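Here is a walk through one structure for someone meeting it for the first time. Take a look around, and then we'll go through its pockets, cores and rings.

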Amino acid sequence: MADAKVSALIRRINELVEADTGSRSLAVGDQITRRVTRSDQRRLRLLADNLDIPARLAPRPGEPDPRVAVRAALVETVAGCVGVLEPREPTDESLYPYGRARFETAMSRLHALYETPRLLAELRPGGRAEDLGIFPTPKLEGDLLAAHAAVVAISARTGRPAGTIRREIVAAGHGAHATTAARLLLQSRPGFAVLPAADRNTLTTSIADELESRFENHERQRPGPEIGAVLADRQQVARFGSSAITSASETAREELDHLHRSFDELGWPPAVERPESVYQLCEQIQGAVGELTDTPNSRWDGGLEPDLGQAPDTTLRLTEGQAAALGKLLESSSTYPLSAEDAADAREAVQVVAAAYARWAVPEEYDARHEAAADSVAPRFATIEQAVGTAYAEDHLREIADRALPYELATQVRQAQPPLPDQRLAPAARAFAAVVDDVAGLEEGETLRRMAGEGRVLMTQAAADDLVAAVGVPNIERPFAARMITDEADRRFEALPTELGTERDAARQYGVEAGKAAVMMAESYAEEPGLAQRESLMADREVAAPMARFASGHDPALTRPRAQPRDSAPTANRTTSGPDQNRPTLGR
């Protein structure tokens, strides 16, 4: 176990890296300390003991300089902190995982070599970059040199300083370095921004894969004994880093030309309009959520009012700060982008709006009868509604921004620091849906999407229907089995706010247990035909309340409206149907 003073020093370094990059760390608490080797911790102990007066570490004449080892340990610590920054967007699994690791490790260490002296000065009041003596000019070899050459090549093509490019790449977070390098390369081309969002994302991923592939297949530099051979190797590595960007740039040009020719021949899809007001922006966010959830209808009443702490209803309410953040976003452009702080505020506001619309999304056939029936039991479903809406907005911010905003605004929202994820309710809904995804053989996130599109009363029934079909409950028994599983899941989510413990991961674990309970019930009904119907009839006898659940089809007010088939080619803009319109950590 690390010394307390050393652990405190490492946590402080991690905080400085977070502040410097504008990103949060995946390493919570002392997790970051465990990523620093014991030998480096021993060296950092010297700095921890002398942080008030680092000059005490200066050697006497003729003695070895202990600061050399401390400087090296400090660089490695900063590199470790940079390497575990939280990604600002969900990252796809790499086709070339070894190449991704090489590229990201090199980029993290490269950033640490250049930025550690400056961060050292911030470790204490009145600190200086020379507190541990003069840091030598970074010696770049192997992958470090290749990464540096790649950064310089991107800088030359974009006209932005190499240091800015490097910081933006590492700030994107773990798993996103190559994707960000590809985006920086692509967005400098005028033909990229006009592409539909899906094609932009696909092309960006393709160029990132090419960069990772080149690093994976490149032979590591092995310095020879002769100085001439060493220089030749270094020149070859530098050419490799530069040529990797040149090749990616050429691939991008060819793909852009191909896409433009295709759209010129087949016709361009409608471009996402630039909203002229905060209200129009909210309408476009509502349309984006509707497209993603396949729910063309919404419970939104079309109103947009200040949030003064009113009771929840179907009017969209924004705080003064949220409305101002969206207004600043609409006033910004690629030439005059938002500051990092304003961009983060805008991203949070977009997410708040999206979460509201995810709670209100309902199928096309949802009408006043369903709303009246739901209103009479609304308090019971407040938790599940909030949990599902928040989780969906957190998980799909990228897609929502792409559909609701033009490229120059969507990019600012997507690349901004995300707000702290909800730790109270959303993880439970996400975990519950993930269990159903796994058992039903669905794509990750599909159950949560279906839950978000069914309305508050039928959210868990959407999951239950998939579950009973997946485990083989007989067709005649499925309505009764789904009813019983739905009742149990609703009961658990209704109790969620009072059942959570103090553990950081309590909500996620609660959702997992709720999902496992639903699976066990479904499997029991599949193994014992007739059990679900008997239990359903027994429940009807025990519950005399007029709003007790019935098997599907018995009560038209609570019968699920059937959603429309999924549209594989959603439109770019959708207006409202209203009258006028989990923080991840290293362990997960």
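Let's start at the second largest pocket, which is lined by 34 residues; Arg160, Glu168, Arg183, Pro337 and Gln415 are the ones nearest its centre. Here a pocket is an open set of points on a 1 Å grid over the protein atoms alone, with protein on both sides within 12 Å along at least five of seven lines, while a cavity is a set where a 1.4 Å probe fits but cannot get out; lining residues have an atom within 4 Å of a point. This is a predicted model, in which local features need pLDDT of at least 70, side-chain atom pairs count only at pLDDT 80 or more, and totals for chains, interfaces and linings use all residues. Residues are numbered from 1 along each chain as its sequence is written, and side-chain values use heavy atoms, with hydrogens and water left out.

The elements giving two or more residues to this pocket's lining are H1, helix H6 (162-171), helix H7 (177-186), H13 and H17. Helices (H or I, at least four residues) and strands (E, at least two) are DSSP runs, numbered from the N terminus. H17 gives the most to the lining of the second largest pocket, with five residues.

Now for the second largest cavity. Its lining is made up of Ile13, Leu16, Leu74, Val78, Thr116, Leu119, Leu120 and Leu123. Helix H1 (4-21), helix H3 (67-82) and helix H4 (97-121) are the elements that each give two or more residues to it, and H4 has the largest share, three residues.

Here are the two spaces side by side. A volume is the space filled by probe spheres set on the grid points, which are joined across faces, edges and corners. For the lining, Ala, Val, Leu, Ile, Met, Phe, Trp, Tyr, Cys and Pro count as nonpolar, Asp, Glu, Lys and Arg as charged, and the others, Gly among them, as polar.

| Space | Volume | Lining residues by type |
|---|---|---|
| Second largest pocket | About 1000 Å³ | twelve nonpolar, 14 polar, eight charged |
| Second largest cavity | About 50 Å³ | seven nonpolar, one polar, no charged |

Next, the nonpolar cores. In soluble globular proteins, nonpolar side chains tend to be buried together. A nonpolar core is a set of buried Ala, Val, Leu, Ile, Met, Phe, Trp, Tyr and Cys residues joined through side-chain atoms within 4.5 Å. Buried means under 20% relative accessible area, exposed means over 50%, and partly exposed is in between (1.4 Å probe, protein chains only). The largest core has 84 residues, and Ile285, Tyr357, Leu405, Phe432 and Met451 touch the most other members. H13 gives the most to this core, with eleven residues. There is also a second, separate core of 68 residues, with Ala112, Ala252, Leu256 and Leu259 among them.

On to the rings. How many aromatic pairs does a search of the whole structure find? It turns up eight. Rings of Phe, Tyr and Trp (its six-membered ring) pair if their centres lie within 6.5 Å; planes under 30 degrees apart count as stacked, over 60 as edge-to-face and the rest as tilted. Phe192 and Tyr407 have ring centres 5.6 Å apart and planes at 85°, so this pair is edge-to-face. Phe192 belongs to helix H8 (residues 190-193) and Tyr407 to helix H17 (residues 407-415), so the pair ties together parts that are 215 residues apart in sequence. Phe192 and Tyr407 are both buried.

Tyr357 and Trp360 make another edge-to-face pair, 5.9 Å centre to centre with 75° between the planes. Both lie in helix H13 (residues 340-360), three residues apart, about one turn of the helix. Both Tyr357 and Trp360 are buried too. Ring pairs also link Tyr279, Trp300, Tyr357 and Trp360 into a cluster.

Trp360 has a charge over its ring as well: the charged end of Arg359 sits 5.9 Å from the ring centre. That label needs NZ of Lys or CZ of Arg within 6 Å of the ring centre and within 35 degrees of the ring normal. Likewise, Arg71 lies over the face of Phe135, at 5.9 Å from the ring centre.

Most residues other than glycine have a negative phi, and most peptide bonds are trans. Asp294 is not a glycine, yet its phi is positive, about 60°. Asp294 is found in the loop between helix H11 (278-293) and strand S1 (297-298), and at 11% relative accessibility it counts as buried.
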